[in-house]
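This report walks through a model with several chains. Keep the sequence and the 3D view at hand while reading.

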Amino acid sequence: MTASLIGIAVIDILLFTFLVITAIAIARLRNLFAVVMLAGVFSLLSAALLATLDAVDVAFTEAAVGAGISTVLLLGTLALTGREEKKPRHSPFLPLLVCLVTGAALIYGTLDMPSFGAANNPAQEHLAREYLERTPVETGVPNVVTAILASYRGFDTLGEVLVVFTAAIAVLLLLGASGKRPSAGRRGEE
Amino acid sequence: MEHHSVLRVVSKLLIPPIILYALYVQWHGDYGPGGGFQAGVLFAVAFILYALVFGIDSMMKVLPPRTAHIFAGAGVLIYAGTGIVTMLLGDAFLGYNALAHDPVHAQEWGILAVEFGVGVSVAAVMIALFVAFARHNPPLKDEDW
Amino acid sequence: MSELVLDLEFIVGHYNYWMFVILMMTGLYVTVSRGNLVKKIVGLNIFQTSVFMLYISMGKIIGGTAPILIDDPDAVYSNPLPHVLILTAIVVGIATTALGLALVVRIRETYGTIEEDELLVLEHEMEFAEAVQGGGSR
(Lines give C-alpha, C1' and ligand atoms only; values in the text may rest on other atoms or scores of the structure.)
Protein backbone atom coordinates (compact mmCIF):
# COMPACT_ATOMS: atom_id res chain seq x y z
CA MET A 1 0.00 0.00 0.00
CA THR A 2 2.63 2.53 1.06
CA ALA A 3 5.01 1.70 -1.79
CA SER A 4 2.30 2.10 -4.42
CA LEU A 5 1.13 5.26 -2.69
CA ILE A 6 4.62 6.76 -2.90
CA GLY A 7 4.98 5.71 -6.56
CA ILE A 8 1.65 7.25 -7.56
CA ALA A 9 2.31 10.32 -5.46
CA VAL A 10 5.69 11.05 -7.06
CA ILE A 11 4.33 10.94 -10.64
CA ASP A 12 1.19 12.77 -9.63
CA ILE A 13 2.99 15.56 -7.77
CA LEU A 14 5.58 15.95 -10.54
CA LEU A 15 2.99 16.25 -13.33
CA PHE A 16 0.71 18.51 -11.33
CA THR A 17 3.62 20.82 -10.49
CA PHE A 18 4.59 21.05 -14.18
CA LEU A 19 0.96 21.80 -14.99
CA VAL A 20 0.86 24.68 -12.51
CA ILE A 21 4.19 26.06 -13.75
CA THR A 22 2.86 26.03 -17.32
CA ALA A 23 -0.30 27.81 -16.22
CA ILE A 24 1.72 30.52 -14.44
CA ALA A 25 3.91 30.93 -17.54
CA ILE A 26 0.74 31.38 -19.61
CA ALA A 27 -0.44 34.05 -17.18
CA ARG A 28 2.86 35.97 -17.38
CA LEU A 29 3.64 35.85 -21.11
CA ARG A 30 2.37 38.56 -23.43
CA ASN A 31 3.32 36.98 -26.75
CA LEU A 32 0.07 35.26 -27.71
CA PHE A 33 1.77 32.82 -30.06
CA ALA A 34 3.83 31.50 -27.15
CA VAL A 35 0.69 31.46 -25.01
CA VAL A 36 -1.12 29.25 -27.53
CA MET A 37 1.84 26.86 -27.77
CA LEU A 38 2.01 26.66 -23.97
CA ALA A 39 -1.73 26.00 -23.90
CA GLY A 40 -1.03 22.98 -26.12
CA VAL A 41 1.72 21.84 -23.73
CA PHE A 42 -0.70 22.37 -20.85
CA SER A 43 -3.28 20.11 -22.50
CA LEU A 44 -0.73 17.40 -23.21
CA LEU A 45 0.52 17.49 -19.61
CA SER A 46 -3.02 17.30 -18.29
CA ALA A 47 -3.68 14.33 -20.60
CA ALA A 48 -0.66 12.55 -19.09
CA LEU A 49 -1.89 13.37 -15.60
CA LEU A 50 -5.39 12.08 -16.42
CA ALA A 51 -3.88 8.84 -17.70
CA THR A 52 -2.04 8.32 -14.39
CA LEU A 53 -5.33 8.99 -12.58
CA ASP A 54 -6.91 5.98 -14.41
CA ALA A 55 -9.11 8.16 -16.61
CA VAL A 56 -7.87 6.71 -19.91
CA ASP A 57 -10.91 7.75 -21.92
CA VAL A 58 -10.68 11.31 -20.65
CA ALA A 59 -6.93 11.43 -21.28
CA PHE A 60 -7.52 10.27 -24.84
CA THR A 61 -10.13 12.97 -25.40
CA GLU A 62 -8.01 15.69 -23.81
CA ALA A 63 -4.97 14.77 -25.93
CA ALA A 64 -7.00 14.81 -29.16
CA VAL A 65 -9.17 17.83 -28.38
CA GLY A 66 -7.04 20.01 -26.13
CA ALA A 67 -3.65 19.54 -27.76
CA GLY A 68 -4.98 19.08 -31.30
CA ILE A 69 -8.15 20.91 -32.29
CA SER A 70 -7.99 23.61 -29.63
CA THR A 71 -4.47 24.67 -30.64
CA VAL A 72 -5.45 24.78 -34.32
CA LEU A 73 -8.52 26.93 -33.61
CA LEU A 74 -6.53 29.30 -31.36
CA LEU A 75 -3.87 29.69 -34.06
CA GLY A 76 -6.60 30.33 -36.63
CA THR A 77 -7.94 33.09 -34.38
CA LEU A 78 -4.48 34.59 -33.90
CA ALA A 79 -4.03 34.76 -37.68
CA LEU A 80 -7.19 36.90 -37.79
CA THR A 81 -6.61 39.08 -34.72
CA GLY A 82 -2.89 39.65 -34.06
CA ARG A 83 -0.28 38.05 -31.87
CA GLU A 84 0.91 40.65 -29.36
CA GLU A 85 -0.97 41.45 -26.17
CA LYS A 86 -0.79 45.08 -25.04
CA LYS A 87 0.23 45.98 -21.53
CA PRO A 88 -2.89 46.29 -19.36
CA ARG A 89 -3.45 49.83 -18.14
CA HIS A 90 -4.99 49.04 -14.77
CA SER A 91 -2.93 47.57 -11.95
CA PRO A 92 -3.27 43.84 -11.34
CA PHE A 93 -3.50 44.38 -7.58
CA LEU A 94 -7.26 44.02 -7.12
CA PRO A 95 -7.69 40.83 -9.22
CA LEU A 96 -4.67 39.33 -7.45
CA LEU A 97 -6.22 40.10 -4.06
CA VAL A 98 -9.56 38.56 -5.08
CA CYS A 99 -7.82 35.43 -6.37
CA LEU A 100 -5.69 35.05 -3.26
CA VAL A 101 -8.67 35.43 -0.92
CA THR A 102 -10.81 33.01 -2.93
CA GLY A 103 -7.91 30.57 -3.16
CA ALA A 104 -7.31 30.71 0.58
CA ALA A 105 -11.00 30.02 1.22
CA LEU A 106 -10.96 27.07 -1.18
CA ILE A 107 -7.80 25.62 0.38
CA TYR A 108 -9.40 25.94 3.82
CA GLY A 109 -12.30 23.97 2.37
CA THR A 110 -10.07 21.19 1.03
CA LEU A 111 -8.67 20.44 4.49
CA ASP A 112 -11.85 18.48 5.29
CA MET A 113 -11.81 16.59 1.99
CA PRO A 114 -11.26 12.83 2.08
CA SER A 115 -7.70 11.79 1.34
CA PHE A 116 -6.77 11.46 -2.35
CA GLY A 117 -7.17 7.91 -3.64
CA ALA A 118 -8.88 6.50 -0.55
CA ALA A 119 -11.17 3.57 -1.37
CA ASN A 120 -13.70 4.62 1.31
CA ASN A 121 -14.08 8.09 -0.19
CA PRO A 122 -17.84 8.94 -0.16
CA ALA A 123 -17.72 9.44 -3.94
CA GLN A 124 -16.90 5.73 -4.40
CA GLU A 125 -19.58 4.34 -2.12
CA HIS A 126 -22.96 4.20 -3.82
CA LEU A 127 -23.48 4.97 -7.47
CA ALA A 128 -20.05 3.95 -8.76
CA ARG A 129 -20.24 0.50 -7.19
CA GLU A 130 -23.72 0.05 -8.61
CA TYR A 131 -22.56 0.90 -12.12
CA LEU A 132 -19.53 -1.39 -11.89
CA GLU A 133 -21.70 -4.29 -10.73
CA ARG A 134 -24.57 -3.82 -13.13
CA THR A 135 -22.69 -3.02 -16.34
CA PRO A 136 -21.34 -6.53 -17.13
CA VAL A 137 -24.67 -8.15 -16.29
CA GLU A 138 -26.98 -5.74 -18.07
CA THR A 139 -24.97 -4.58 -21.08
CA GLY A 140 -22.03 -6.98 -21.46
CA VAL A 141 -19.79 -4.05 -22.39
CA PRO A 142 -16.37 -4.21 -20.71
CA ASN A 143 -15.67 -0.47 -20.91
CA VAL A 144 -17.88 0.87 -18.12
CA VAL A 145 -17.32 4.45 -19.24
CA THR A 146 -18.83 3.72 -22.67
CA ALA A 147 -21.73 1.85 -21.09
CA ILE A 148 -22.59 4.74 -18.77
CA LEU A 149 -22.03 7.32 -21.52
CA ALA A 150 -24.22 5.71 -24.15
CA SER A 151 -26.70 3.69 -22.16
CA TYR A 152 -27.26 4.66 -18.52
CA ARG A 153 -26.76 8.38 -19.16
CA GLY A 154 -27.94 8.40 -22.78
CA PHE A 155 -30.15 11.45 -22.29
CA ASP A 156 -27.22 13.40 -20.91
CA THR A 157 -25.03 12.54 -23.89
CA LEU A 158 -27.80 13.46 -26.31
CA GLY A 159 -27.89 16.85 -24.62
CA GLU A 160 -24.12 17.22 -24.92
CA VAL A 161 -24.18 16.38 -28.64
CA LEU A 162 -26.93 18.94 -29.10
CA VAL A 163 -24.81 21.55 -27.29
CA VAL A 164 -21.86 20.82 -29.59
CA PHE A 165 -24.16 21.04 -32.62
CA THR A 166 -25.70 24.31 -31.43
CA ALA A 167 -22.28 25.85 -30.75
CA ALA A 168 -21.19 24.88 -34.27
CA ILE A 169 -24.30 26.53 -35.75
CA ALA A 170 -23.56 29.68 -33.76
CA VAL A 171 -19.94 29.77 -34.99
CA LEU A 172 -21.07 29.28 -38.59
CA LEU A 173 -23.60 32.10 -38.20
CA LEU A 174 -20.89 34.40 -36.81
CA LEU A 175 -18.13 33.57 -39.27
CA GLY A 176 -20.14 32.72 -42.39
CA ALA A 177 -21.10 29.21 -43.42
CA SER A 178 -20.69 29.40 -47.18
CA GLY A 179 -16.97 28.66 -47.19
CA LYS A 180 -16.46 31.38 -49.78
CA ARG A 181 -13.86 33.98 -49.00
CA PRO A 182 -15.43 37.45 -48.77
CA SER A 183 -13.87 39.85 -51.29
CA ALA A 184 -10.54 41.24 -50.14
CA GLY A 185 -11.67 44.86 -50.48
CA ARG A 186 -14.26 44.67 -47.74
CA ARG A 187 -11.91 45.33 -44.88
CA GLY A 188 -10.72 48.55 -46.48
CA GLU A 189 -14.25 49.92 -46.82
CA GLU A 190 -15.06 49.58 -43.14
CA MET B 1 3.26 24.85 -48.41
CA GLU B 2 4.09 23.37 -51.82
CA HIS B 3 7.83 23.32 -51.21
CA HIS B 4 7.74 21.34 -47.94
CA SER B 5 8.21 17.94 -49.49
CA VAL B 6 9.02 16.24 -46.17
CA LEU B 7 5.74 17.44 -44.68
CA ARG B 8 3.83 16.35 -47.76
CA VAL B 9 5.29 12.86 -47.84
CA VAL B 10 4.97 12.32 -44.08
CA SER B 11 1.38 13.52 -43.99
CA LYS B 12 0.50 11.35 -46.97
CA LEU B 13 1.85 8.41 -45.00
CA LEU B 14 0.09 9.46 -41.80
CA ILE B 15 -3.42 10.34 -42.93
CA PRO B 16 -4.66 6.81 -43.85
CA PRO B 17 -3.55 5.28 -40.51
CA ILE B 18 -5.19 8.20 -38.66
CA ILE B 19 -8.52 7.50 -40.38
CA LEU B 20 -8.12 3.77 -39.80
CA TYR B 21 -7.36 4.42 -36.12
CA ALA B 22 -10.40 6.67 -35.86
CA LEU B 23 -12.58 3.86 -37.20
CA TYR B 24 -10.96 1.41 -34.77
CA VAL B 25 -11.63 3.74 -31.86
CA GLN B 26 -15.21 4.23 -33.05
CA TRP B 27 -16.14 0.55 -33.32
CA HIS B 28 -13.89 -0.74 -30.55
CA GLY B 29 -15.02 1.79 -27.95
CA ASP B 30 -16.94 -0.91 -26.08
CA TYR B 31 -13.82 -2.91 -25.31
CA GLY B 32 -11.08 -0.36 -24.86
CA PRO B 33 -10.71 3.36 -24.28
CA GLY B 34 -12.49 5.34 -26.93
CA GLY B 35 -15.90 5.96 -28.34
CA GLY B 36 -17.77 8.36 -30.53
CA PHE B 37 -16.32 11.59 -29.18
CA GLN B 38 -12.68 10.54 -29.54
CA ALA B 39 -13.23 8.87 -32.92
CA GLY B 40 -14.98 11.93 -34.28
CA VAL B 41 -12.15 14.20 -33.21
CA LEU B 42 -9.50 11.86 -34.68
CA PHE B 43 -11.39 11.65 -37.96
CA ALA B 44 -11.57 15.44 -38.11
CA VAL B 45 -7.85 15.68 -37.32
CA ALA B 46 -7.05 13.65 -40.46
CA PHE B 47 -8.95 16.17 -42.59
CA ILE B 48 -7.43 19.14 -40.77
CA LEU B 49 -3.91 17.76 -41.31
CA TYR B 50 -4.67 17.39 -45.01
CA ALA B 51 -5.96 20.96 -45.15
CA LEU B 52 -2.92 22.33 -43.31
CA VAL B 53 -0.41 20.65 -45.62
CA PHE B 54 -2.16 20.65 -49.00
CA GLY B 55 -4.26 23.78 -48.64
CA ILE B 56 -7.82 24.18 -47.52
CA ASP B 57 -9.19 24.38 -51.06
CA SER B 58 -8.07 20.88 -51.98
CA MET B 59 -9.52 19.60 -48.70
CA MET B 60 -12.84 21.21 -49.57
CA LYS B 61 -12.89 19.34 -52.88
CA VAL B 62 -12.90 16.12 -50.85
CA LEU B 63 -15.43 17.35 -48.31
CA PRO B 64 -17.38 20.50 -49.23
CA PRO B 65 -18.53 22.54 -46.21
CA ARG B 66 -22.14 21.84 -47.07
CA THR B 67 -21.57 18.08 -46.75
CA ALA B 68 -19.95 18.62 -43.35
CA HIS B 69 -22.96 20.64 -42.20
CA ILE B 70 -25.35 17.93 -43.38
CA PHE B 71 -23.35 15.26 -41.54
CA ALA B 72 -23.33 17.35 -38.34
CA GLY B 73 -27.12 17.34 -38.35
CA ALA B 74 -27.32 13.72 -39.48
CA GLY B 75 -25.27 12.56 -36.47
CA VAL B 76 -27.68 14.20 -34.03
CA LEU B 77 -30.58 12.69 -35.97
CA ILE B 78 -29.03 9.20 -35.79
CA TYR B 79 -28.74 9.58 -32.02
CA ALA B 80 -32.25 10.92 -31.50
CA GLY B 81 -33.60 8.51 -34.15
CA THR B 82 -32.31 5.56 -32.13
CA GLY B 83 -34.42 6.86 -29.28
CA ILE B 84 -37.46 7.16 -31.55
CA VAL B 85 -36.95 3.62 -32.87
CA THR B 86 -36.84 2.20 -29.34
CA MET B 87 -40.04 4.11 -28.60
CA LEU B 88 -41.72 2.62 -31.69
CA LEU B 89 -40.60 -0.83 -30.57
CA GLY B 90 -42.39 -0.31 -27.30
CA ASP B 91 -39.66 0.73 -24.85
CA ALA B 92 -38.80 4.14 -23.41
CA PHE B 93 -36.87 6.82 -25.33
CA LEU B 94 -33.30 5.45 -25.62
CA GLY B 95 -34.34 2.29 -23.76
CA TYR B 96 -32.35 -0.13 -25.87
CA ASN B 97 -33.78 -3.38 -24.48
CA ALA B 98 -36.37 -3.62 -27.25
CA LEU B 99 -33.81 -3.56 -30.06
CA ALA B 100 -32.99 -7.30 -30.08
CA HIS B 101 -34.29 -10.58 -28.73
CA ASP B 102 -32.30 -10.43 -25.49
CA PRO B 103 -31.41 -7.31 -23.47
CA VAL B 104 -27.61 -7.75 -23.50
CA HIS B 105 -27.46 -7.84 -27.29
CA ALA B 106 -29.95 -5.02 -27.50
CA GLN B 107 -27.80 -2.84 -25.27
CA GLU B 108 -24.79 -3.57 -27.46
CA TRP B 109 -26.71 -2.55 -30.61
CA GLY B 110 -28.08 0.56 -28.98
CA ILE B 111 -24.67 1.68 -27.73
CA LEU B 112 -23.11 1.12 -31.17
CA ALA B 113 -25.85 3.11 -32.92
CA VAL B 114 -25.67 5.98 -30.48
CA GLU B 115 -21.86 6.14 -30.57
CA PHE B 116 -21.99 6.17 -34.36
CA GLY B 117 -24.27 9.19 -34.22
CA VAL B 118 -21.95 10.94 -31.78
CA GLY B 119 -18.91 10.18 -33.94
CA VAL B 120 -20.49 11.47 -37.16
CA SER B 121 -21.75 14.64 -35.49
CA VAL B 122 -18.51 15.46 -33.66
CA ALA B 123 -16.31 14.81 -36.72
CA ALA B 124 -18.47 17.00 -38.95
CA VAL B 125 -18.69 19.77 -36.34
CA MET B 126 -14.91 19.86 -35.82
CA ILE B 127 -14.23 20.00 -39.57
CA ALA B 128 -16.88 22.70 -40.02
CA LEU B 129 -15.37 24.76 -37.16
CA PHE B 130 -11.89 24.52 -38.66
CA VAL B 131 -13.13 25.50 -42.13
CA ALA B 132 -15.10 28.42 -40.68
CA PHE B 133 -11.98 29.82 -38.99
CA ALA B 134 -9.54 29.04 -41.79
CA ARG B 135 -11.71 30.43 -44.61
CA HIS B 136 -12.74 33.59 -42.86
CA ASN B 137 -11.56 37.04 -44.01
CA PRO B 138 -8.04 37.15 -45.39
CA PRO B 139 -5.61 36.83 -42.50
CA LEU B 140 -3.71 39.86 -41.27
CA LYS B 141 -0.60 40.90 -43.13
CA ASP B 142 2.70 40.25 -41.41
CA GLU B 143 3.20 43.90 -40.43
CA ASP B 144 -0.16 43.97 -38.61
CA TRP B 145 0.90 41.24 -36.19
CA MET C 1 8.43 10.57 13.96
CA SER C 2 4.96 9.10 13.56
CA GLU C 3 3.59 12.63 13.59
CA LEU C 4 5.84 13.54 10.65
CA VAL C 5 4.73 10.48 8.63
CA LEU C 6 1.12 11.37 9.31
CA ASP C 7 1.72 14.89 8.07
CA LEU C 8 3.40 13.60 4.93
CA GLU C 9 0.40 11.38 4.29
CA PHE C 10 -1.89 14.35 4.79
CA ILE C 11 0.12 16.42 2.32
CA VAL C 12 0.18 13.65 -0.29
CA GLY C 13 -3.52 13.06 0.27
CA HIS C 14 -4.41 16.69 -0.31
CA TYR C 15 -1.76 17.83 -2.78
CA ASN C 16 -4.09 17.31 -5.73
CA TYR C 17 -6.75 19.51 -4.20
CA TRP C 18 -4.29 22.31 -3.44
CA MET C 19 -2.85 22.21 -6.93
CA PHE C 20 -6.38 22.30 -8.28
CA VAL C 21 -7.03 25.46 -6.29
CA ILE C 22 -3.83 27.09 -7.55
CA LEU C 23 -4.68 26.17 -11.15
CA MET C 24 -8.22 27.46 -10.78
CA MET C 25 -7.02 30.76 -9.31
CA THR C 26 -4.42 31.15 -12.07
CA GLY C 27 -7.19 30.70 -14.62
CA LEU C 28 -9.43 33.17 -12.79
CA TYR C 29 -6.59 35.69 -12.53
CA VAL C 30 -5.83 35.46 -16.27
CA THR C 31 -9.52 35.82 -17.07
CA VAL C 32 -10.20 38.89 -14.93
CA SER C 33 -6.92 40.80 -15.05
CA ARG C 34 -5.73 40.43 -18.67
CA GLY C 35 -7.23 42.77 -21.24
CA ASN C 36 -6.68 40.64 -24.33
CA LEU C 37 -9.74 38.60 -25.25
CA VAL C 38 -7.79 35.61 -26.65
CA LYS C 39 -5.80 35.48 -23.41
CA LYS C 40 -9.06 35.56 -21.45
CA ILE C 41 -10.28 32.49 -23.35
CA VAL C 42 -7.03 30.64 -22.65
CA GLY C 43 -7.54 31.58 -18.98
CA LEU C 44 -11.04 30.15 -19.05
CA ASN C 45 -9.59 26.93 -20.50
CA ILE C 46 -7.14 26.68 -17.59
CA PHE C 47 -10.01 27.24 -15.17
CA GLN C 48 -11.97 24.50 -16.90
CA THR C 49 -9.07 22.03 -16.82
CA SER C 50 -8.67 22.61 -13.08
CA VAL C 51 -12.27 21.51 -12.54
CA PHE C 52 -11.62 18.40 -14.65
CA MET C 53 -8.65 17.61 -12.42
CA LEU C 54 -10.75 17.92 -9.25
CA TYR C 55 -13.39 15.54 -10.56
CA ILE C 56 -10.94 12.93 -11.80
CA SER C 57 -8.86 13.16 -8.60
CA MET C 58 -11.93 12.39 -6.52
CA GLY C 59 -12.70 9.32 -8.62
CA LYS C 60 -9.22 7.80 -8.32
CA ILE C 61 -8.60 4.83 -6.04
CA ILE C 62 -4.97 4.04 -5.19
CA GLY C 63 -4.17 0.55 -6.43
CA GLY C 64 -7.20 0.65 -8.72
CA THR C 65 -7.19 0.36 -12.47
CA ALA C 66 -9.02 2.06 -15.31
CA PRO C 67 -12.73 1.14 -15.37
CA ILE C 68 -12.43 -1.35 -18.23
CA LEU C 69 -13.55 -4.67 -16.82
CA ILE C 70 -11.02 -7.52 -16.79
CA ASP C 71 -11.39 -11.17 -15.81
CA ASP C 72 -9.66 -10.80 -12.44
CA PRO C 73 -12.46 -10.81 -9.81
CA ASP C 74 -10.31 -8.99 -7.22
CA ALA C 75 -9.59 -6.02 -9.46
CA VAL C 76 -10.39 -2.60 -8.03
CA TYR C 77 -11.69 -0.03 -10.50
CA SER C 78 -11.60 3.73 -10.21
CA ASN C 79 -14.91 5.52 -10.26
CA PRO C 80 -16.18 5.64 -13.89
CA LEU C 81 -18.86 8.27 -13.34
CA PRO C 82 -16.59 11.37 -13.18
CA HIS C 83 -14.84 10.09 -16.31
CA VAL C 84 -18.12 10.13 -18.23
CA LEU C 85 -19.02 13.60 -17.02
CA ILE C 86 -15.61 15.08 -17.83
CA LEU C 87 -15.29 13.33 -21.20
CA THR C 88 -18.39 15.01 -22.51
CA ALA C 89 -17.43 18.26 -20.78
CA ILE C 90 -14.14 18.39 -22.73
CA VAL C 91 -15.89 18.12 -26.08
CA VAL C 92 -18.52 20.66 -25.08
CA GLY C 93 -15.66 22.85 -23.80
CA ILE C 94 -13.95 22.96 -27.20
CA ALA C 95 -17.26 23.79 -28.90
CA THR C 96 -17.90 26.70 -26.54
CA THR C 97 -14.26 27.82 -26.84
CA ALA C 98 -14.71 27.93 -30.61
CA LEU C 99 -17.85 30.04 -30.12
CA GLY C 100 -15.90 32.46 -27.91
CA LEU C 101 -13.10 32.68 -30.46
CA ALA C 102 -15.60 33.37 -33.24
CA LEU C 103 -16.99 36.25 -31.17
CA VAL C 104 -13.42 37.55 -30.69
CA VAL C 105 -12.84 37.45 -34.46
CA ARG C 106 -16.04 39.41 -35.09
CA ILE C 107 -15.16 41.97 -32.39
CA ARG C 108 -11.76 42.48 -34.02
CA GLU C 109 -13.45 43.05 -37.39
CA THR C 110 -15.93 45.57 -36.01
CA TYR C 111 -13.69 47.53 -33.63
CA GLY C 112 -10.19 46.81 -34.96
CA THR C 113 -8.92 45.74 -31.55
CA ILE C 114 -9.39 42.94 -29.02
CA GLU C 115 -7.99 44.78 -25.98
CA GLU C 116 -10.64 45.32 -23.35
CA ASP C 117 -9.41 48.82 -22.36
CA GLU C 118 -9.52 50.08 -25.95
CA LEU C 119 -12.90 48.46 -26.55
CA LEU C 120 -14.36 50.26 -23.53
CA VAL C 121 -12.96 53.59 -24.75
CA LEU C 122 -14.38 53.00 -28.26
CA GLU C 123 -17.75 52.02 -26.84
CA HIS C 124 -17.80 55.14 -24.69
CA GLU C 125 -16.89 57.36 -27.66
CA MET C 126 -19.63 55.81 -29.78
CA GLU C 127 -22.23 56.39 -27.08
CA PHE C 128 -21.02 59.96 -26.70
CA ALA C 129 -21.20 60.55 -30.47
CA GLU C 130 -24.71 59.14 -30.58
CA ALA C 131 -25.81 61.36 -27.73
CA VAL C 132 -24.34 64.44 -29.46
CA GLN C 133 -26.00 63.53 -32.78
CA GLY C 134 -29.34 62.89 -31.07
CA GLY C 135 -29.09 66.25 -29.29
CA GLY C 136 -28.20 68.08 -32.53
CA SER C 137 -31.10 66.75 -34.57
CA ARG C 138 -33.68 67.64 -31.98
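## Chain C against chain A

Chain C and chain A bury about 8,000 Å² between them, and carbon and sulfur atoms give 75% of that area. Buried area is the accessible area (1.4 Å probe) that two parts lose on being put together, summed over both. The model is predicted: local features need pLDDT of at least 70, side-chain atom pairs count only at pLDDT 80 or more, and totals for chains, interfaces and linings use all residues. Residues are numbered from 1 along each chain as its sequence is written, chains are lettered from A and ligands numbered from 1 in the order in which they are written, and side-chain values use heavy atoms, with hydrogens and water left out.

The contact draws 91 residues from chain A and 78 residues from chain C. Contact here means heavy atoms within 4.5 Å. On the chain C side, Lys60(C), Ile62(C) and Leu69(C) lose the most area to chain A. Together they make up 9% of what that side buries.

## Polar links between C and A

The rule finds three salt bridges across the interface of chain C and chain A. A salt bridge is a side-chain nitrogen of Lys or Arg within 4 Å of a carboxyl oxygen of Asp or Glu. Lys86(A) and Glu118(C) meet in a salt bridge, at 3.2 Å from N to O.

Across the interface of chain C and chain A there are also 24 residue pairs in polar contact, both residues at pLDDT 80 or more. A polar contact is a pair of N or O atoms within 3.5 Å; within protein, one must be able to donate a hydrogen and the other to accept it, and residues adjacent in sequence count only if both atoms are side-chain atoms.

Which helices of chain C supply at least two residues each to the side that touches chain A? They are helix H1 (2–33), helix H2 (37–59), H3 and helix H4 (116–137). H3(C) gives the most to that side, with 23 residues. Helices (H or I, at least four residues) and strands (E, at least two) are DSSP runs, numbered from the N terminus.

Thr26(C) lies in helix H1 of chain C. Thr26(C) counts as buried, at 10% relative accessibility. Buried means under 20% relative accessible area, exposed over 50%, and partly exposed in between (1.4 Å probe, protein chains only). Neighbours within four places in sequence aside, Thr26(C) is in contact with Ala23(A), Ile24(A) and Ala27(A).

Lys40(C) sits in helix H2 of chain C. Is Lys40(C) buried or exposed? At 14% relative accessibility, Lys40(C) counts as buried. Its side chain reaches the backbone oxygen of Thr31(C) at 2.9 Å. Not counting residues up to four places away in sequence, Lys40(C) touches several residues, including Val30(C), Arg34(C) and Glu116(C).

## Chain B against chain C

Chain B and chain C bury about 910 Å² between them, 80% of it on carbon and sulfur atoms. In chain B, Phe37(B), Phe133(B) and His136(B) lose the most area to chain C, together 48% of what that side buries. The contact takes 12 residues from each of chain B and chain C.

Across this interface of chain B and chain C, the rule finds zero salt bridges. One residue pair is in polar contact there, both residues at pLDDT 80 or more. Helix H2 (36–54) and helix H5 (103–134) of chain B are the elements that give two or more residues to the side touching chain C. The largest share of that side, four residues, comes from H5(B).

## The nonpolar cores

The largest nonpolar core has 103 residues. Such a core is a set of buried Ala, Val, Leu, Ile, Met, Phe, Trp, Tyr and Cys residues joined through side-chain atoms within 4.5 Å. Met126(B) and Phe133(B) have the most contacts inside this core. Helix H3 (residues 80–111) of chain C gives the most to the core, with 14 residues. Domain 1 (1–85) and domain 2 (121–177) of chain A both give residues to this core, so it lies between them. These bounds come from an automatic or database domain assignment. The C-alpha centres of the two domains of chain A lie 23 Å apart.

Met126(B) touches Ile69(A), Val41(B), Ala44(B), Val91(C) and Ile94(C), not counting residues up to four places away in sequence. Apart from this core lies another, of eight residues, among them Cys99(A), Tyr17(C), Val21(C) and Met24(C).
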